[in-house]
Amino acid sequence: MAFNLTSRLLTHRLKSCRIAFSTVSSSGRLSVEHDRHNRRFTVTPGNGAGVHECAVLHYSFIGNKEVDLMSTFVPETFRGQGVAALLSQAAMDFVAEENLKVRISCWYIKKYIEENPQQQYKDLVIT
């Protein structure tokens, strides 16, 4: 009985840590989910594909108010739809909203920042 209650509380806590960002793409509605517990942003296609078919951006905290945007992955069947850009925007918005500094290890996110030169993003990057 105690395990079941603990399990439900943990599940509730994990669900409450998620934040959704939404956008409309040429292929329909895509939403980014922020899983703070697992330090990742994900986009899952709306066609009922499994978890293994989700696009993901991983990050880690490297200091008190610093994060490293480490990697992005978009499954081949999901590429060319702006998904990596959507993940990158959600991650940078998170960094800005939380007043963090960011180190960018992922080549794609570096490219995204260069192609979308918003000053608010550039001011957050640790060089």
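In which sense do S5 and strand S6 pair, and over how many bridges? S5 and S6 (residues 101-104) pair in the parallel sense, over four bridges. This is a predicted model: local features need pLDDT of at least 70, side-chain atom pairs count only at pLDDT 80 or more, and totals for chains, interfaces and linings use all residues. Residues are numbered from 1 along each chain as its sequence is written, and side-chain values use heavy atoms, with hydrogens and water left out.

**View 1. Strand S5 pairs with S4 and with S6.** Strands are DSSP runs of E, at least two residues; helices are runs of H or I, at least four; both are numbered from the N terminus. Two strands pair if DSSP finds at least two bridges between them. S4 (residues 55-63) and S5 run antiparallel, joined by seven bridges. A hairpin of two residues connects S4 to S5. His58 stands opposite Ser71 in S5. On the S6 pairing, Asp68 stands opposite Arg103.

**View 2. Thr72 sits in strand S5.** The strand spans residues 66-73. Is Thr72 buried, partly exposed or exposed? Thr72 counts as partly exposed because its relative accessibility is 22%. Buried means under 20% relative accessible area, exposed over 50%, and partly exposed in between (1.4 Å probe, protein chains only). Leaving aside neighbours within four places in sequence, Thr72 is in contact with Val56, Leu57, Cys106, Tyr108 and Ile109. Contact means heavy atoms within 4.5 Å. The C-alpha atoms of Thr72 and Ser88 are separated by 8.3 Å, with the two residues 16 apart along the chain.

**View 3. Asp35 lies in strand S2.** S2 covers residues 28-35. Asp35 counts as buried because its relative accessibility is 3%. The side chains of Asp35 and Asn38 are joined by a polar contact of 2.8 Å. A polar contact is a pair of N or O atoms within 3.5 Å; within protein, one must be able to donate a hydrogen and the other to accept it, and residues adjacent in sequence count only if both atoms are side-chain atoms.
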